Amino acid sequence: NRNCIDPIISPQNLTFCLNHPFTLETFNSPDATYCWQPLDGIAKIEPDNQSSTAVTITSDSDIIRILLTITQGPCEKSAIVDYPILLDGDPPTTPTIKINSTASDVLCIGDEVRLSSSISSDNYFWTLPDGSTANTPTIQFDSVTVEDAGTYSLYLQDDGGCVSDEVSDTTIQVSSSPALVILNNGLPDFCDEITLEVPDYSSEGFTYQWLNVNDGTNIGSLDENNASIIVSDSGEYAVEVTNMDNCTTETTSVTVNKASRPNSSIDGPKETCDNVDFITFSAASTGADGFELQYEWLLEDTPFSTEDSTAETISLSPTSTGSFTIHLNTRYDSTIVYSESKDGCVDSATLNFNVSETPSIQFNHDDGIQKCPEEVLTVGLTDPPANTINSYSWIVRHTTGDTTATSTDESIGVITPFGTDTVYTSLTIETSIGCEVTNSLQIINFPLNANIIFPDFPDVAGDTITLEEGISIRLRAMNINRDFSWQPEEFIDNPAAETITFFPQSQFNTVALTGVDPNGCMDTTSAVVLLDNLRPKKTFSPNGDGINDCWEILNIEEFEGICEVYIFDAKGRNVVAPIKSFDQGNCIWDGTFSGAQVLEGVYYYVLKCDEEGLSGSGSMLLAR
């Protein structure tokens, strides 16, 4: 039960232009076939087996008739449509494209350009070089670029759908120059002057105009400048480049900074001596902030055993005397541009100095001077160096190397103690020109040969004698010729004599002698007198005058607990109890019995000792 569909042709009404195709269509039905036919023979239809078809009118008849037959299974239906040819006028003519520009045929980047149709129309259809389209009456560029160059196409269409017969096109050219960058040695800072340059295309007709961007002025004229310039001031610079098409572009600007030239200066002494280990010179140069300085020391024809140096501070050792000049060149490091034509931005400094012969030290005493040990010898200078002395440093040493005294005064008092034969005093001075000089002086003590001899015993050698008999001994001074002084003087007959008599008081006795020797030195010596074993005195006088008031046994105190003493009168009676304690030294008996004085006369004693050979007996005379 199929219903056959009546075809409908759209559009029902149509206005068209001759020789310009238009499209007719009907509904699209499954399994249907279509047959389009022009019935008046003036329309060309293709294809004829689809639901739509393109129709081209090739003549100007008053009316055209189109037949459409649709077959769908057993159904076959047809429709006919008539279209009157209704034209308002002829189709638009082919336009030409006008180019309105202030530039020549070849445009420059940045030029203003406008493209327009030679005739007006209802509708405009532009095709641009990049394939995009536009429907404006004109194409406007306020600042043309290289990307805007190429072919532009245009056709027109009126409101009746009629289009121009042909498409018009035109090509515009935009002149371009290489993208130029100003080179300045890769550094923004310079000293004296710097060269700015761009790639040189002058052989291809390029010209260059350099600009001071800061004040907007030209540097020179266009004819005078080429691809490079030399500037000597800080600032921002650019260049206008004009190519063979007379198109001008301006490069990106560069800013360069001018640094002041360095100022070379030397810190160092102007005078020194040839014995110094080294002398130091320092660069005191200055320069612009933010830049590192480089140094070059020139030491040719100077008395220094070293090669030229690039250090900031140099230490040099003089090798000869005389007047010399040292040179220092100061420049910036490689982070700044400098011009060789301007001496490479180098500043030089010189320092005149003198190397003098090392001065000598003259002491006020001859080397090896002799003196008495107790004497203080003042050592100083008799002829100081010509230069001012800044400091003195005295040191006194023994022959062992031990330091005994130091001083920083102009002189020093040297003492050589007893027992020291020789000392050395050394002096180091520093002069105002940095010279350091050292000298030493040997100081020798006169030998001290004082001695005591025993005239009655010429065969005794040394300073010790042992007496077996007697209670006195003669002593004589040797190598002492004046100011004799013997001790202990209370047991010496004449303590100020050259020869004396000494009365020993104990088993061990030391006799000291002090006097002046032939060299005028005070000397001291001593001798030892020993008494052999125990020695009872023969007499004593206990009268209270402080002289010989006690009967003594010399050396008895050495035998405490070993010996006992018994004292008897002429009748054999014990005068005192046995004496066993010797806490009074050699004093044994004061001539009393039971607190009363005994009579003058002869008394007897017995000495009993545990050690063999010490015991004995004898008599004594008590006289008042």
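1. Basis. In this predicted model, local features need pLDDT of at least 70 and side-chain atom pairs count only at pLDDT 80 or more, while totals for chains, interfaces and linings use all residues. Residues are numbered from 1 along each chain as its sequence is written, and side-chain values use heavy atoms, with hydrogens and water left out.

2. Disulfide count. Searching the whole structure gives 7 disulfides, a disulfide being a pair of cysteine sulfur atoms within 2.5 Å.

3. C191 and C345. C191 sits in strand β15 (residues 189-191) and C345 in the loop between β29 (337-338) and β30 (347-356), so the pair ties together parts 154 residues apart in sequence. Strands (E, at least two residues) are DSSP runs, as are helices (H or I, at least four), and both are numbered from the N terminus. C191 is buried at 0% relative accessible area, and C345 is buried at 1%. Buried means under 20% relative accessible area, exposed over 50%, and partly exposed in between (1.4 Å probe, protein chains only).

4. C372 and C521. A torsion of about -85° about the S-S bond of C372 and C521 makes the disulfide left-handed. The pair links distant parts of the chain, 149 residues apart: C372 is in the loop between β31 (369-371) and β32 (376-379), and C521 is in the loop between β43 (508-516) and β44 (522-531). C372 is buried, with a relative accessible area of 7%, and C521 counts as buried at 0%.

5. C563 and C609. With a torsion of about 115° about the S-S bond, the disulfide of C563 and C609 is right-handed. C563 lies in strand β48 (residues 563-568) and C609 in strand β52 (residues 601-609), distant parts of the chain 46 residues apart. Relative accessibility is 2% for C563, which is buried, and 12% for C609, which also counts as buried.

6. C35. This cysteine is in no disulfide, and the nearest cysteine sulfur, that of C75, is 17 Å away. At 28% relative accessibility, C35 counts as partly exposed.

7. Cavity. The whole structure holds 1 cavity of 30 Å³ or more. A cavity is a set of points, on a 1 Å grid over the protein atoms alone, where a 1.4 Å probe fits but cannot get out; lining residues have an atom within 4 Å of a point. Grid points are joined across faces, edges and corners, and the volume is the space filled by probe spheres set on the points. The largest cavity has a volume of about 40 Å³. Its lining consists of C4, I5, I70, T71, Q72, C75 and K77. Strands β5 (63-72) and β6 (75-84) each supply at least two of the lining residues, and β5 gives the most, with 3.

8. T272. This threonine belongs to strand β24 (residues 271-273) and counts as buried at 4% relative accessibility. Leaving aside residues up to four places away in sequence, T272 touches I279, P318, N354, V355, S356, I433 and C435, contact meaning heavy atoms within 4.5 Å.

Key: 1 Å grid on protein atoms, 1.4 Å probe; cavity = no way out; pocket = protein on both sides within 12 Å on 5 of 7 lines; lining within 4 Å.
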